[in-house]
Amino acid sequence: MRLDTSAELDTFRAEVRSFIHTHAPGRKTHAGVRAPAARLVPELRCWIARLHDAGYLGRSWPTEYGGLADPRPEYAFVVAEELARARAWGQIGAGALASGALLAHGTEEQKRHFLPRLRSGQDLWCQLFSEPEAGSDLAGLRTRARQEGDHFVVDGQKVWTTNAQHADVGYLLARTDPDGPKTRGITAFALDMRSPGVEIRPLREITGTADFNEVFLDGVRVPADRVIGEVGQGWRVAGASLAQERGSVAARSAEMLNDLNGLLELASAPGPAGAPASADAAVRARLGRLAARVHVADLMSKAVQSRMAAGTDEPTDPAMVKVFYSETNLDAVSLGVQLQGLDGLLTEGDDRAVAGGYWQDALLYARAYTIAGGANEVLRTTIAERALGLPREPRS
Ligand SMILES: Cc1cc2nc3c(=O)[nH]c(=O)nc-3n(C[C@H](O)[C@H](O)[C@H](O)COP(=O)(O)OP(=O)(O)OC[C@H]3O[C@@H](n4cnc5c(N)ncnc54)[C@H](O)[C@@H]3O)c2cc1C
């Protein structure tokens with residue numbers, strides 16, 4: 001199957017594009033996966049409901065929870081691409097991850113409670129996985145959950161929690177067996193973010209915005225019926241739910257195609273001495289190389305989406321796409337700043353900043369993609385060992 005050539009997909013794409021154009025509230029002014037401003041959140045909750053009602057999100061869910069009988073996975077990728085192309089908001093936070101966990105491992109009661117609330121935008125989720133000493137080595141997490149009757153009591157600290165400030169529910173991983181093997185002593189929970197003992201402290205980033213947070217958990221009581229999957233099986237639950245995040249690969253390459261057009265405009269604009277930057281052969285060569293890489297990234301993403309849709313994807317496919325995408329993106333936005341010459345020093349908030357300071361902000365954010373969802377260094381090891389079959393590194 002090819003995702004870029006079917007007339008049927010083109011018709012669907014046009015329908016989605018028009019829907020977004022007509023109904024989407026606000027547009028993302030910044031590059032990257034950011035948390036929205038608080039004032040936009042009520043409108044975005046309605047927009048999430050609208051996307052689900054139109055069959056654009058949650059397509060692959062079972063029909064009794066609002067999914068489609070014939071979900072056509074490639075259509076979900078088209079939706080993700082069109083949202084990214086329009087710089088419109090989609091699902092906010094960890095909703096896709098959480099629904100993946102609930103559908104694969106949740107009880108009937110949990111599915112009936114949480115899935116309609118997720119579809120209607122009533123519940124926004126955040127992902128409470130990373131800790132100060134457990135990012136790449138997530139299995140080393142130390143947040144403890146000990147059972148007391150029909151509750152668990154949670155103590156610990158999470159970090160880099162995007163959207164915690166807006167979230168109603170946290171998809172939490174905590175250690176329930178401190179003495180057992182690393183990955184087997186972890187349990188997944190749906191945590192009410194308004195529970196007593198949950199404290200959220202914003203982290204200001206290099207971009208100046210505060211998209212993610214530290215989350216402190218001090219004696220937080222979670223009812224035992226909010227365990228997702230079996231106690232001690234949280235590692236498996238988290239692994240299964242990651243499959244739901246796959247659409248984001250499509251979205252990112254669509255964003256980069258947008259940026260390539262922006263780069264061509266910047267390079268063609270008259271410079272201070274009159275001639276455009278593109279008059280310089282070295283700039284043309286760099287643009288040419290970048291254009292090739294951006295298109296290769298897009299084709300890689302489409303090839304992987306096609307394999308996912310056909311169920312023939314390899315476990316290391318997303319890692320390869322992510323490493324290639326994030327490093328190409330970093331080069332693209334760096335060029336966007338360099339093409340501005342001295343104006344590249346102006347930033348958002350300065351009236352004279354080119355494109356409102358978009359490229360400067362995008363450059364500051366671009367490093368995040370080389371870290372989020374698995375640092376590139378770690379993903380390279382995964383690719384070397386699992387895709388290329390190279391000998392495993394000795395583990396400490
Ligand atoms: C924008 C953004 C949003 C995020 N949102 C969330 C969220 O909502 N929820 C959540 O739980 N987490 C979130 N994260 C956290 C993310 O999952 C972690 O940052 C990531 O897993 C890396 O962990 P770390 O930051 O602890 O870095 P570390 O694991 O400490 O790594 C530091 C450096 O050491 C290198 N390194 C580590 N181990 C190895 C190794 N074995 N081999 C070679 N090099 C190694 C890494 O590549 C990296 O360069 C987010 C991160 C970002 C950037």
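The protein splits into domain 1 (7-92), domain 2 (125-232) and domain 3 (242-387). These bounds come from an automatic or database domain assignment. The model is predicted: local features need pLDDT of at least 70, side-chain atom pairs count only at pLDDT 80 or more, and totals for chains, interfaces and linings use all residues. Residues are numbered from 1 along each chain as its sequence is written, and side-chain values use heavy atoms, with hydrogens and water left out.

**Domain 1 against domain 3**

- The C-alpha centres of domain 1 and domain 3 are 22 Å apart.
- Domain 1 puts 16 residues into the contact and domain 3 puts in 20 residues; contact means heavy atoms within 4.5 Å.
- About 1600 Å² is buried between domain 1 and domain 3, with carbon and sulfur atoms giving 54%. Buried area is the accessible area (1.4 Å probe) that two parts lose on being put together, summed over both.
- On the domain 1 side, F77, E81 and R87 lose the most area to domain 3, together 36% of what that side buries.

**Ligand shell**

- The ligand has 16 residues around it, and S130, S136, W160, T162 and E377 come nearest. A residue counts as near if one of its heavy atoms lies within 4 Å.
- By type, the shell holds nine nonpolar residues, six polar and one charged. Ala, Val, Leu, Ile, Met, Phe, Trp, Tyr, Cys and Pro count as nonpolar, Asp, Glu, Lys and Arg as charged, and the others, Gly among them, as polar.
- Domain 2 and domain 3 each supply at least three residues to the shell.

**Backbone atoms at the ligand**

- A backbone N or O atom of Q127 sits 2.8 Å from a ligand nitrogen atom.
- For W160, a backbone N or O atom lies 3.0 Å from a nitrogen atom of the ligand.

Methods
A polar contact is a pair of N or O atoms within 3.5 Å; within protein, one must be able to donate a hydrogen and the other to accept it, and residues adjacent in sequence count only if both atoms are side-chain atoms.
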